[in-house]
Amino acid sequence: MTDLDQLTQSLARNLKHWRTERGYTLDALAARAGVSRGMIIQIEQARTNPSVGTTVKIADALGVSITTLLDYEQGPQVRIVAPDEAVQLWSTEAGSHTTLLVGAEAPGPFELWDWRLMPGDRSASDPHPPGTVELIHVRSGTLTLVVDGEEYEVPAGASATFEAKVAHGYRNDGDEPVAMTMSVIIPLGR
């Protein structure tokens with residue numbers, strides 16, 4: 001079984017678990033997440049590997065982190081994620097990518113991401129639930145952070161934070177790759 005197959009199987013199992021745990025019908029979850037009922041069925045039957053955006057919408061609708069949807073085991077209090085166990089969820093042919101490093105549920109979903117944006121690449125994100133906060137630290141390059149249509153330059157060594165309840169995105173207008181670490185804090189009771 002490939003890593004992608006294992007990821008697809010874990011997502012299918014965990015989506016069904018959390019949908020049942022929350023008492024949502026397929027139609028109710030589809031309405032809350034803004035995705036089709038057919039998509040949820042395909043994911044639960046491990047017949048598709050959804051986009052990051054679709055996975056985020058479903059996680060938000062269930063009130064869990066992406067980490068929870070992708071993880072098979074949620075046992076020990078201390079969890080070490082080896083570099084080869086981190087999950088790459090987005091990539092481009094130019095070499096840009098995002099990697100979910102680790103996530104937690106207490107006091108609400110909390111995620112830590114490693115990002116690499118190649119020159120000329122960009123990634124856009126839909127608004128998250130109110131109260132969701134993103135914190136970014138740029139390790140190299142210069143990030144162009146776009147929040148609600150406004151652009152902010154974030155150079156290497158600088159950090160930024162914002163409430164992610166509006167459309168936002170990340171862009172590399174420079175000549176060198178942007179490497180950054182991002183954490184996303186999602187409020188309880190979404």
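**Exercise 1.** State how many helices and strands the protein chain has.

*Solution.* The protein chain holds 5 helices and 10 strands, where helices (H or I, at least four residues) and strands (E, at least two) are DSSP runs numbered from the N terminus. The model is predicted, and local features need pLDDT of at least 70, side-chain atom pairs count only at pLDDT 80 or more, and totals for chains, interfaces and linings use all residues. Residues are numbered from 1 along each chain as its sequence is written, and side-chain values use heavy atoms, with hydrogens and water left out.

**Exercise 2.** Describe how helix 1 and helix 3 pack, and classify their angle.

*Solution.* Begin with the residues in contact (heavy atoms within 4.5 Å): Leu11, Ala12, Leu15, Lys16 and Arg19 of helix 1 meet Ile40, Ile43 and Glu44 of helix 3. Next, take the axes, which are lines fitted to C-alpha atoms over the stretch in contact, with angles running from 0 to 180 degrees between N-to-C directions. Helix 1 (residues 3-22) and helix 3 (residues 37-44) pack at about 120°, and their axes lie 7 Å apart. Finally, angles under 35 degrees count as roughly parallel, over 145 as roughly antiparallel, 65 to 115 as roughly perpendicular and the rest as oblique; helix 1 and helix 3 are therefore oblique to each other.
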